[in-house]
Amino acid sequence: MSVVDSHKLREQLSLYFIMGTANCRKSPEETLKAAIKGGATMFQFREKGPSALHGQALLELAKSLQCLCRAEGVPFIINDDIELAIQLDADGVHIGQEDEPAASIRQRLGSGKIIGVSAHNLAEVQQAISDGADYLGIGPVYPTPSKDDARAVQGTRLITEIREKGIDIPLVGIGGITAANTAPVIAAGADGISVISAIAGAADATAAAREFVQAIERAHIRP
Ligand SMILES: Cc1ncc(COP(=O)(O)OP(=O)(O)O)c(N)n1
Ligand SMILES: Cc1ncsc1CCOP(=O)(O)O
Ligand SMILES: [Mg+2]
């Protein structure tokens, strides 16, 4: 069972920034600092692709990004790599449908850690909840340039369906989200949005994150 505070988690999910070395225009540290300065409320370290770091280099970068998050009070989540999350005492992990099930990860991580699960249909949503997920990542909402093996684009349909069924779990939309197309994701019932390229690939990541913060605020005021 999880003891994560879901009210606090919803706030932390508001602008959930995800990044690895392959996504950054500048150094990962500069990119993360800039995103947090602009208002990112949660961070996921997602080191993927042919140029991904491994071994000591991966560990050093993860430590350095975790240190930046700690200094700013931003939760540090690790994508896929449960061993690394345990080694670093990270705040949580994000796993997909091809990864180890959330229920067994919960046993390894303990109750105070955040577990996020990707879901693409109602059956996966319900399974993730019964496995003890703290939040869901739902998408891809729009076409994404950042994940070669992404599932079919689904718009905001599943987010709407989840809320219409009265399922109240914290969740974010993910995939191709920009400040300009944020509003429908929040209006459908997402607690926040997850973003890679529109922040990590921006010339000014701080300005890009600020635009998201404003778009999220506007979406809450005028759903
Ligand atoms: C917040 C969030 N939502 C979804 C994903 C995708 O996870 P997954 O399906 O396991 O794919 P990879 O990210 O591992 O390629 C995510 N990372 N974060
Ligand atoms: C990890 C992931 N899972 C579904 S889409 C996606 C990539 C999101 O990146 P971007 O914000 O650049 O579309
Ligand atoms: Mg995964």
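Select Ser 118 first: Ser 118 is buried, because 20 other C-beta atoms lie within 10 Å. (A residue is buried if 20 or more other C-beta atoms lie within 10 Å of its own, exposed if 12 or fewer, and partly exposed in between; C-beta atoms are placed from the backbone.) The model on screen is a predicted one, in which local features need pLDDT of at least 70 and side-chain atom pairs count only at pLDDT 80 or more, while totals for chains, interfaces and linings use all residues. Residues are numbered from 1 along each chain as its sequence is written, and chains are lettered from A and ligands numbered from 1 in the order in which they are written.

Ser 118 sits in strand S5, residues 114-119. (Helices, H or I with at least four residues, and strands, E with at least two, are DSSP runs numbered from the N terminus.) With neighbours within four places in sequence left aside, Ser 118 is in contact with Gly 96, Gln 97 and Gly 137. (Contact is taken as C-beta atoms, placed from the backbone, lying within 7 Å.)

**The annotated site**

Next, select Gln 44, Phe 45, Arg 46, Glu 47, Lys 48, Asn 79, Ser 118 and Lys 147, which the unreviewed UniProt entry annotates as "binding site". (UniProt positions are given in the numbering used here, feature names are shortened, and annotations may be inferred rather than shown by experiment.) From this set, centre on Glu 47, in the loop between strand S2 (42-45) and helix H3 (55-72). Is Glu 47 buried or exposed? Glu 47 counts as buried because it has 24 C-beta neighbours inside 10 Å. Apart from neighbours within four places in sequence, the contacts of Glu 47 are Gly 20, Thr 21, Ala 52, Leu 53 and Leu 58.

**The ligands**

Show ligand 1 and the 18 residues around it; Gly 96, Ser 118, Gly 137, Ile 174 and Ser 194 come nearest. (A residue is near a molecule or strand if its C-beta atom, placed from the backbone, lies within 6 Å of it.) Strand S1 (15-19), strand S4 (92-95), S5 and strand S7 (171-174) are the elements that give two or more residues to this shell. The shell around ligand 1 has five nonpolar, eight polar and five charged residues. (Ala, Val, Leu, Ile, Met, Phe, Trp, Tyr, Cys and Pro count as nonpolar, Asp, Glu, Lys and Arg as charged, and the others, Gly among them, as polar.)

Move to ligand 2, which 15 residues surround, with Thr 144, Ser 146, Gly 175, Ile 196 and Ser 197 closest. By class, the ligand 2 shell has eight nonpolar, six polar and one charged residues.

**The barrel**

Colour the strands. Eight of them close into a barrel in the order S1-S2-S3-S4-S5-S6-S7-S8, with parallel pairing. (Two strands pair if DSSP finds at least two bridges between them.) On average, neighbouring strands of this sheet are turned by 25° against each other, direction ignored. Helix H6 (residues 122-130) packs on the sheet and touches S5 and S6, and its direction makes about 165° with that of S5. (Axes are lines fitted to C-alpha atoms, for helices over the stretch in contact, and angles run from 0 to 180 degrees between N-to-C directions.)

Zoom in on strand S8 (residues 192-195): Gly 192 and Ser 194 point one way, Ile 193 and Val 195 the other way, and all are buried. S1 runs parallel to S8, joined by three bridges. Across from S8, Tyr 16 stands opposite Ser 194, and Phe 17 stands opposite Val 195. S7 also pairs with S8 in the parallel sense, over three bridges; here Val 172 has Gly 192 as its bridge partner.

**Backbone details**

Which bond joins Gly 139 and Pro 140? A cis peptide bond does, with omega about -5°. Pro 140 is in the loop between strand S6 (135-138) and H7.

Go to Asp 80, in the loop between strand S3 (76-79) and helix H4 (82-88). Its phi is near 70°, positive in a residue other than glycine. Asp 80 is partly exposed because 18 other C-beta atoms lie within 10 Å. Asp 89, in the loop between H4 and S4, also has a positive phi, about 55°, although it is not a glycine. Asp 89 is exposed, with 10 other C-beta atoms within 10 Å.

**Last stops**

Select Arg 163 in helix H7, residues 157-164. Arg 163 counts as partly exposed, with 14 C-beta neighbours inside 10 Å.

Finally, select residues 15-199, listed by UniProt (unreviewed entry) as "domain: Thiamine phosphate synthase/TenI". The end C-alpha atoms of this span lie 11 Å apart, and the span is 37% helix and 19% strand.

Note on methods. Two residues are in contact if their C-beta atoms, placed from the backbone, lie within 7 Å.
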